[in-house]
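Subject: Structure handover

Hello,

The structure we spoke about is below. My notes on it follow.

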Amino acid sequence: VVLGFPANNFLSQEPGNNAEIKKFCTREYAVTFPMFSKISVKGKDIAPLYAYLTQKSENGVLDAPVKWNFQKFLISRKGTVITSVAPGTSVNDAQVISAIEKALAE
């Protein structure tokens, strides 16, 4: 399942409210996956979810600070972090597909 967490941490690219962001993402990117409320993904007000995803001290696996919008995290069925995928890397990239297939096989 893909989950979207909009954030306004990058040059104010998500200034709208939750409804506006969902409408924009649906219209411009044909998003059909669940979109959550806007949160902070870095900085002093980082959301607890992103503190877990981005800090090895929290997730026990890796440090993966969010560098830009569309950074992706692959999470196991048990809720553990498997890897982080760079913002510019497509979800159709062979390495991403391989990591997903491996996670699904476990």
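The side chain of Asn-69 makes a polar contact, at 2.6 Å, with the side chain of Gln-13. A polar contact here is a pair of N or O atoms within 3.5 Å; within protein, one must be able to donate a hydrogen and the other to accept it, and residues adjacent in sequence count only if both atoms are side-chain atoms.

Before the rest, some background. This is a predicted model, in which local features need pLDDT of at least 70 and side-chain atom pairs count only at pLDDT 80 or more, while totals for chains, interfaces and linings use all residues. Residues are numbered from 1 along each chain as its sequence is written, and side-chain values use heavy atoms, with hydrogens and water left out.

Asn-69 sits in the loop between helix 3 (56–59) and strand 1 (72–75). Helices (H or I, at least four residues) and strands (E, at least two) are DSSP runs, numbered from the N terminus. Asn-69 counts as buried because its relative accessibility is 13%; buried means under 20% relative accessible area, exposed over 50%, and partly exposed in between (1.4 Å probe, protein chains only). Leaving out residues up to four places away in sequence, Asn-69 touches Ala-7, Phe-10, Gln-13 and Pro-87, where contact means heavy atoms within 4.5 Å.

Gly-60 is also in the loop between helix 3 and strand 1. With 54% relative accessibility, Gly-60 counts as exposed.

Leu-3 lies in the segment before helix 1 (18–29) and, at 43% relative accessibility, counts as partly exposed.

Regards
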